[in-house]
Amino acid sequence: MPLATAPAMTPEEFRLLRELIYAHSGLSFGDETRYLLERRLAPRLQYHGLDDFGAYHRFLRFDPSRRAEIEIAVEVLTTNETYFYREPHQLRAFSEEILPALAQENRGARRLRIWSAGCSTGEEVYTIAILLARSGLFEGWDLDVFGSDIARRVLAVARAGVYGPRAFRTPEADALRDSFRAEGERWHVKEDVRRLVSFGHLNLLDDSMMGLVGAVDVIFCRNVMIYFDVAARKRVVRTFRDKLREGGYLLLGHSESLLNVTADFEILHLRHDLVYRKPLALP
Ligand SMILES: C[S@@+](CC[C@H](N)C(=O)[O-])C[C@H]1O[C@@H](n2cnc3c(N)ncnc32)[C@H](O)[C@@H]1O
């Protein structure tokens, strides 16, 4: 039952909680977001039988189950909006220009690794996998499109690979439907696409977790770092630079750039879009 009157979050509680969330996840909450935190975290107080947000902050710092709880707090505060074939220009650049280049660059090893960092419920991962499969350039190759996210709840949806109509909200997404099996209103990703993907729970700000990711050819990190401040972006982009092989590609969301973040990448002017590339030999 909801609390008759949910406790208000004081400015001091807001400061403490947002610092804790930021330190854990890189998510940066501006001064105007106090009521958002209050509204979204109130059910957690109720769940644990806590009287106010000060007690919740102490719980997050000192309770034996604090690690699990901070994951849930971050989960309820993240924006997980995503859908198939999001940002079509970039995906056109990916399939028509980057994939043919990768087929050449990796033809010796016949191996391709793509990482969707902050994949939410998986639509981006399956879109990439379908484009790979349809390109016809990688028959018999060792392929993996790896999706990771900080939130376990969205990863469960991604692993299930079953989607409703809203996931197909762009006109371009319609063209992907052949790769799904329809059951009423629910669309199941077909097996030949599923076997190209894998998912993992990773916090991009957690260096020990980042050690689990091997070298990759392409990183998609779209609409994730918009919620980070510059310091967190710098940390994450350093990780991306370390994980990408030389000449590897970094694709950000259309409103994002590396301006004021790093000069370690070069800009590649493709026909359909601009993308970042790790230079062939970094000094
Ligand atoms: C808006 S979604 C973007 C999904 C997809 N990339 C797209 O563009 O459609 C942002 C995702 O980033 C994830 N995220 C936020 N902070 C993260 C972090 N520190 N580590 C990993 N994932 C994070 C959120 O859980 C959320 O699912």
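Predicted model: local features only at pLDDT ≥ 70, side-chain atom pairs only at ≥ 80, totals over all residues.
Two salt bridges link domain 1 and domain 2 (side-chain nitrogen of Lys or Arg within 4 Å of a carboxyl oxygen of Asp or Glu). Residues are numbered from 1 along each chain as its sequence is written, and side-chain values use heavy atoms, without hydrogens and water.

**Domains and their interface**
- Domain 1 spans 11-77 and domain 2 spans 88-277; the bounds come from an automatic or database domain assignment.
- Their centres, taken over C-alpha atoms, lie 30 Å apart.
- The contact (heavy atoms within 4.5 Å) takes ten residues from domain 1 and 13 residues from domain 2.
- The two domains bury about 930 Å² between them (accessible area, 1.4 Å probe, lost on being put together, summed over both). Carbon and sulfur atoms hold 46% of that area.
- Y22, E71 and E75 supply 47% of the area that domain 1 buries against domain 2.
- Helix 4 (66-77) gives the largest share of the domain 1 side, four residues. Helices are DSSP runs of H or I, at least four residues, and strands are runs of E, at least two, numbered from the N terminus.

- Seven strands form an open sheet in the order 6-2-1-7-8-10-9, with mixed pairing (at least two DSSP bridges between two strands).
- Strand 6 (197-201) and strand 9 (266-269) are the edges.
- Strand 2 (residues 142-149) pairs with strand 6 in the parallel sense over five bridges. S148 has G200 in strand 6 as its bridge partner.
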